[in-house]
Amino acid sequence: LAGARADVNPDEVASVLWKYFTELGSNAKETVDQLQQAEITKQLNTLLETKLQSANSYAEDLQRRLVPFATQLQARLAQDSQRLKEQIRQELEELRAKLAPYADEVHQQISTNIRQLQAKMSPYAEELRSQVDRGAGELQRVLEPYAAELRDRLQDNAESIQASLSPYADRLQQQIDSGVETLKERLAPLADELKAQVGQSVEELRRGLSPYAQEVQDGLNRQLESLTAQMERAAEELRARLAASSEELRAQLSPLAQELRQAAGSDAESLRQRLAPLAQQLDERVGQTLETFRQQAAPFGEAFGRQLVERLEEVRGKLDSGTAGVEDHLELLEKEVREKVAAFLSTAQPAEN
């Protein structure tokens with residue numbers, strides 16, 4: 001069990017619990033008991049089995065502790081929900097009143113922060129687009145020889161083609177897998193860099209507004225914490241979208257190798273008939289698939305930048321009007337869930353012996 005502490009990620013457990021809470025809130029009352037007893041147990045079991053396959057006894061013990069903890073936490077959050085919502089409303093109203101004499105300065109400060117964020121995001125968005133194009137281009141160049149090789153193979157006798165087709169298909173699949181993994185490794189650091197810029201931008205906004213909100217720093221900090229949570233989630237969503245697009249690219253290219261394997265099982269007479277169109281179309285199909293990937297993934301950076309700007313404009317509107325939204329309430333509730341889960345897991349870890 002020595003490695004169990006490292007294997008259990010509080011954020012992943014918290015994500016399962018938060019999903020459970022949101023589903024609980026959106027389901028009819030008659031399904032609540034079923035969700036409490038079945039759904040959260042299933043999701044936690046899946047998570048813990050994945051992370052703790054070598055420590056089953058610990059996973060079972062942690063699961064037994066987590067389900068009661070989750071149901072207790074749900075009851076506590078239900079009680080605290082209205083209190084937190086009212087607290088957010090009061091804090092925002094107090095912030096608006098305190099910042100009213102400096103409304104122009106505050107508005108200008110946030111507008112400046114928005115322009116600075118746009119300026120920072122633009123190079124990252126361009127770099128993301130560049131890396132998508134470069135990675136797709138490299139993968140296309142790597143796969144190009146396979147079409148030529150397949151056309152050359154059609155000149156051989158049928159028996160020779162059949163004998164070499166499966167190894168050829170395996171090499172093609174390996175090259176597709178290798179290319180997609182390289183592409184994912186190329187794109188992942190950009191999401192990390194964008195996340196770091198998010199934190200820096202919010203901290204700059206905090207410093208810029210602090211002279212105007214000295215008497216209401218707690219309320220301002222709470223709003224900025226909510227903003228940070230929203231922005232960090234957007235960065236994680238960007239990472240997930242890039243990974244998902246890369247996997248979708250793999251899924252679109254892999255059938256090419258599968259078709260070749262299936263053709264290898266054909267009789268000698270129909271083998272050439274099946275391979276000839278594929279050999280002619282291989283370049284085109286690879287090119288079309290990679291172009292679709294480019295068009296889908298390249299704009300992610302610009303969309304991410306627009307999303308962050310929208311979040312900042314929402315904060316500006318809240319400080320102008322003193323009106324809290326449901327998002328504020330949910331963001332801070334989720335933050336509370338994550339903090340409580342992390343605290344629970346820190347006390348639930350077994351001794352290393």
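Which helices each supply at least two residues of the lining of the largest cavity? In this predicted model, they are helix H7 (217-264) and helix H9 (300-321).

The protein contains ten helices and zero strands. Its pattern along the sequence is accordingly written α-α-α-α-α-α-α-α-α-α. The chain has 353 residues, and 42% of them are buried. Contacts with a sequence separation of 6 or more were also examined. Of these, 86% join residues 24 or more positions apart.

Helix H5 spans residues 103-153, and helix H6 spans residues 158-209. Their axes lie 10 Å apart, and the packing angle is about 175 degrees. An angle over 145 degrees counts as roughly antiparallel. H5 and H6 are therefore roughly antiparallel to each other. The contact of H5 with H6 involves 25 nonpolar, twelve polar and ten charged residues.

H6 also packs with H7. The axes of H6 and H7 come within 9 Å and cross at roughly 170 degrees. H6 is therefore roughly antiparallel to H7. In the contact of H6 with H7, 29 residues are nonpolar, seven are polar and 13 are charged.

Individual residues illustrate the packing. Gln-131 sits in helix H5. Its relative accessible area is 10%. The cut-off for burial is under 20%, so Gln-131 counts as buried. Leaving aside residues up to four places away in sequence, Gln-131 touches Leu-183, Arg-186, Leu-187 and Leu-190.

Ala-158 belongs to helix H6. With a relative accessible area of 11%, Ala-158 is buried as well. Ala-158 and Leu-271 are 113 residues apart along the chain.

Leu-275 is located in helix H8, which covers residues 268-297. The relative accessible area of Leu-275 is 1%, and the residue is buried. Its contacts, with residues up to four places away in sequence left out, are Leu-150, Leu-154, Ile-161, Leu-165, Leu-260 and Ala-263. Glu-259 is 16 residues from Leu-275 along the chain. The C-alpha atoms of Leu-275 and Glu-259 are 9.1 Å apart.

Val-309 is part of helix H9. Its relative accessibility is 8%, which places Val-309 among the buried residues. Val-309 touches Ile-114, Leu-117 and Gln-118, again not counting residues up to four places away in sequence. For Val-309 and Ile-114, the sequence separation is 195 residues. The C-alpha to C-alpha distance between Val-309 and Ile-114 is 6.1 Å.

One cavity of 30 Å³ or more was found. The largest cavity holds about 40 Å³ of space. Its lining consists of Gln-223, Ser-226, Leu-227, Gln-230, Arg-311, Glu-314, Val-315, Lys-318 and Asp-328. By class, two of the lining residues are nonpolar, three are polar and four are charged. As stated at the outset, H7 and H9 each contribute at least two residues to this lining.

Open space was examined next. The largest pocket has a volume of about 490 Å³. It is lined by 16 residues. Closest to the pocket centre are Ala-229, Glu-232, Arg-233, Glu-334 and Arg-338. Helix H2 (10-26), H6, H7 and helix H10 (326-348) each supply at least two residues of the lining. The largest share comes from H7, with six residues. Charged residues number twelve in the pocket lining, with two nonpolar and two polar residues beside them.

H7 is roughly antiparallel to H6. H7 supplies at least two residues of the lining of the largest cavity. H7 also provides six residues of the lining of the largest pocket.

Definitions and conventions:
Residues are numbered from 1 along each chain as its sequence is written. This is a predicted model: local features need pLDDT of at least 70, side-chain atom pairs count only at pLDDT 80 or more; totals for chains, interfaces and linings use all residues. Side-chain values use heavy atoms; hydrogens and water are left out. Axes are lines fitted to C-alpha atoms, for helices over the stretch in contact, and angles run from 0 to 180 degrees between N-to-C directions. Helices (H or I, at least four residues) and strands (E, at least two) are DSSP runs, numbered from the N terminus. Angles under 35 degrees count as roughly parallel, over 145 as roughly antiparallel, 65 to 115 as roughly perpendicular and the rest as oblique. Ala, Val, Leu, Ile, Met, Phe, Trp, Tyr, Cys and Pro count as nonpolar, Asp, Glu, Lys and Arg as charged, and the others, Gly among them, as polar. On a 1 Å grid over the protein atoms alone, a cavity is a set of points where a 1.4 Å probe fits but cannot get out, and a pocket is an open set with protein on both sides within 12 Å along at least five of seven lines; lining residues have an atom within 4 Å of a point. Grid points are joined across faces, edges and corners, and a volume is the space filled by probe spheres set on the points. Buried means under 20% relative accessible area, exposed over 50%, partly exposed in between (1.4 Å probe, protein chains only). Contact means heavy atoms within 4.5 Å.
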